[in-house]
Amino acid sequence: MSRQNVTSSGVKLKRELRLIDLYFSGLTAVIGSGWIFGSLETASVAGPAAILSWLFGGIFILIIALVWAEVGTSIPVAGGAVRYAKYSHGGLAASIISWSVILTYIAVPSAEAVAVVEVLQGALSLYGITSVTLCSSGFPTAEGLGVALALSALFFFINYIGISALRASNFAITSWKLIIPSLTVIAILIVGVPRFASNFTTPSFAPYGFLPVFSAIPATGVAFAYLGFRQPIEMAAEAKMPGRDIWRAILAVVGTSIILYTMLQVVFIGGFTWNSSAFGTTGVSPGDWSALSTSPYPPIYSFPFFYEVAGLGLGVLAILLAIDGVVSPSGTLSQYMASTARVLYGTSKEGFLSDKFFEVHGKYRVPVWGLIATMIVTIALLVMAFAGTLVSSVGGAWSALVSIITTTGVFSYIIGSVFLPVSRKYAPDLPRPFKLPAYQAFSLAAFIISALLVYWGAGALIAPPSDPYGGYILIAVMLAGALTYLTYKDKKPCDLKSGLWVVAFLIFTGVLVALGCYGFGIIPSSPLPFAWIIDIIAAIGFYFWAINSAVPECHVKVNIDKGIEASNNESE
C-alpha cells in the first residue's frame, strides 16, 4: 500500500470526533495548570496590571488562531503544523518547524504532572498533613515524582486504548474543568472582591510599569494557557466534518478562554489579604506582588485559588478545588499525550521521523509509537524536574517548562502566518470552509506577535534565577531540528533557499536576546523598549522574506494536492 494513502501498518485513523469533541479537546488543553498557577505568576510580574496581560495575550492568540482557522480547515490532516511547513517551504523549514512542534507538545504532559504534585502539596499543607512531602520550593520530591509518574502512566493507558476512550474521558473531565473555575470566579466576585478591592491599586495598578504586562505573556503561563486552541487542528484527521467544525471549535475555545482567564485574574487580585496565614500570604507585605513567587515561597504559591477560597471561608469550594487541582492538569496531560502522538505521526508521514511513528495500532487505531515516545520523554523531564535542573526567571520546574513550551510553540505558529498567503496565491481554488477577510494583515500581525513572544520567552529563560544560558540553549536545540533534514529522503534543490529564513530568524532572535535587556543590556530599554521595536521591524522583514522564498508554485500545488489526498485517505 502507498505511504501516501494509508498508515505504514495499513490501518486508518477513525473519523468520529464531533464539534463538541473538538471544542472539548481544545478546552481541556486550555484549562489545565495555567488556571491554577497563571494568575499568581502573572500578578507577581505585573501586579494588578496582570489583567491586561490576559486581555492582550488573548487578543494576540486570537489573531494567530484566526489564521490557523483557515489553514486548518483547508487541509485537515493529523499533525497539521508540521505538514503545512513542508507544503509551502520545503524540507529544511519543515524539519525545524516539526522539531519545535515536537518539543512543544512532548513537554506539556510533564508540566501538567508537576502541577498536580504542586497542588496536592498545597492541599496537604493547608490541612496540616506533614507526613508526606510531594513538592519543595517548586520541585517534586521523590514521593512527588512517584505520583507524577503514576498519573502519566494512567493517561498513557487511556490514550493507548483508543480515541473513543479519550473522547469519553475528555467529555467528563472538561465539563468539570469548565464548571469549577467558573464557580470560583462567581464566589470570589461575591465574597472576596468587595472586601479587598483596594488590592487593584496597591501600591498602584501597574507597580512595575507596563513593559512587564507584555513580557509576562510567555513567561508566566498566559500564552501557555491559550496554546491549547490548536488541538482541534492536530485532531483534524479524526473529525467527522472537519470543514464545518474545526474553525468553529478553534474560535469557541479562544473566546471561552479569554473570558475565563481574564476573570480569574480579576478575582485572584481581589480575593486575598496581605501577610495572612489564613490566605497563605504570611510574610508578604502589602503591594509586594513579586514576593508571591519569590523564594522562600509563601504557602499561596503552591495552590493560589485554593488558599483564597479557604481564607474566605468557602470550605466546600475549597474541597472541590482540591479535587480540581488533580482533574484540570490531568485532563490537559491526557489531551497532549494524544496530540503529541498525532504530531509525531504527521512528522513521520512527511519523512522526518522513522516509519514506526506512522504505524497505527490494529485494534485501538491510535499512533502507538508516538504515545510510547511521549511517555519516555515525560519520564525524562519529570526526573529532571526532580533533580532541580529546570528553573526559570519566575520560579521552579513548572515555570521553566512553561517558558520552554511557549517559546517553541509560538515559534511553530509562525508557519501558519506564511502558509496562508502562499496558499492563497498559488492555490486560489482550494476549498476554504473558513475564509479569513483581510488575510494579509492578519498574517503579518500573527507573524509579528509570534516573533515577539519567542523573544520574550527565550529571554525569560536567561533572566535570574534561570540558567544564564537557558534561552540560548533552547534556541540551539530548536535549530538542531535541521539535523533531521539530513535523513530526509525527499530533498529538493529549492529546500535550502526556501528554508533559510527559518534558520536566520532563530539566530537573529538569539542575538537580540543577548544584546537586549535580558542579556548584556547593550540595547537600551529606556525610555522605550528598543529591542522590542527592533524585533518588530525585523519580523516584518522576515515575513516578506518568507513569503517570497516559498518553494516554486508547481511544488506548492503538488504538495497541497498530496495534503488533500492524505486528508481523504488517512481516515475513515
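**Close-up views of a predicted model**

**View 1. The ring pair Phe447 and Phe505.** A search of the whole structure finds 34 aromatic pairs. In this one, the ring centres of Phe447 and Phe505 are 6.1 Å apart and the planes stand at 75°, so the pair is edge-to-face. The cut-off for that class is over 60 degrees. Helix α15 (residues 439-460) carries Phe447, and helix α17 (residues 495-515) carries Phe505. The pair therefore ties together parts that are 58 residues apart in sequence.

**View 2. The ring pair Phe542 and Trp545.** Here the centres of the Phe542 and Trp545 rings lie 5.8 Å apart, with planes at 15°, so the pair is stacked. Both Phe542 and Trp545 belong to helix α18 (residues 530-548). They sit three residues apart, about one turn of the helix. Phe542 has a relative accessible area of 9% and is buried. Trp545, at 34% relative accessibility, counts as partly exposed.

**View 3. An aromatic cluster.** Ring pairs join Phe411, Phe447, Trp501, Phe505, Phe508, Phe542, Tyr543, Phe544 and Trp545 into a cluster.

**View 4. Charged side chains over rings.** Arg424 lies over the face of Tyr439, 4.1 Å from the ring centre. Lys491 lies over the face of Tyr485, at 5.3 Å from the ring centre.

**View 5. Ser257 in helix α10.** Ser257 is found in helix α10 (residues 242-269). With a relative accessible area of 3%, Ser257 is buried. Not counting residues up to four places away in sequence, Ser257 touches Val30 and Tyr226. Gly26 is 231 residues from Ser257 along the chain, and their C-alpha atoms are separated by 9.8 Å.

**View 6. Two cysteines.** Cys494 is buried, with a relative accessible area of 14%. Cys517 is partly exposed, with a relative accessible area of 46%. A search of the whole structure finds zero disulfides.

**View 7. Backbone details in loops.** Thr202 and Pro203 are joined by a cis peptide bond, with omega about -10°. Pro203 has its place in the loop between α6 (163-191) and α7 (211-219). Asn275 has phi near 50°, a positive value in a residue other than glycine. The loop between α10 and α11 (304-311) holds Asn275. For Ala438, phi is likewise near 50°, again positive in a residue other than glycine. Ala438 is found in the loop between α14 (397-426) and α15.

Key
Residues are numbered from 1 along each chain as its sequence is written. This is a predicted model: local features need pLDDT of at least 70, side-chain atom pairs count only at pLDDT 80 or more; totals for chains, interfaces and linings use all residues. Side-chain values use heavy atoms; hydrogens and water are left out. Rings of Phe, Tyr and Trp (its six-membered ring) pair if their centres lie within 6.5 Å; planes under 30 degrees apart count as stacked, over 60 as edge-to-face and the rest as tilted. Helices (H or I, at least four residues) and strands (E, at least two) are DSSP runs, numbered from the N terminus. Buried means under 20% relative accessible area, exposed over 50%, partly exposed in between (1.4 Å probe, protein chains only). A charge sits over a ring if NZ of Lys or CZ of Arg is within 6 Å of the ring centre and within 35 degrees of the ring normal. A disulfide is a pair of cysteine sulfur atoms within 2.5 Å. Contact means heavy atoms within 4.5 Å.
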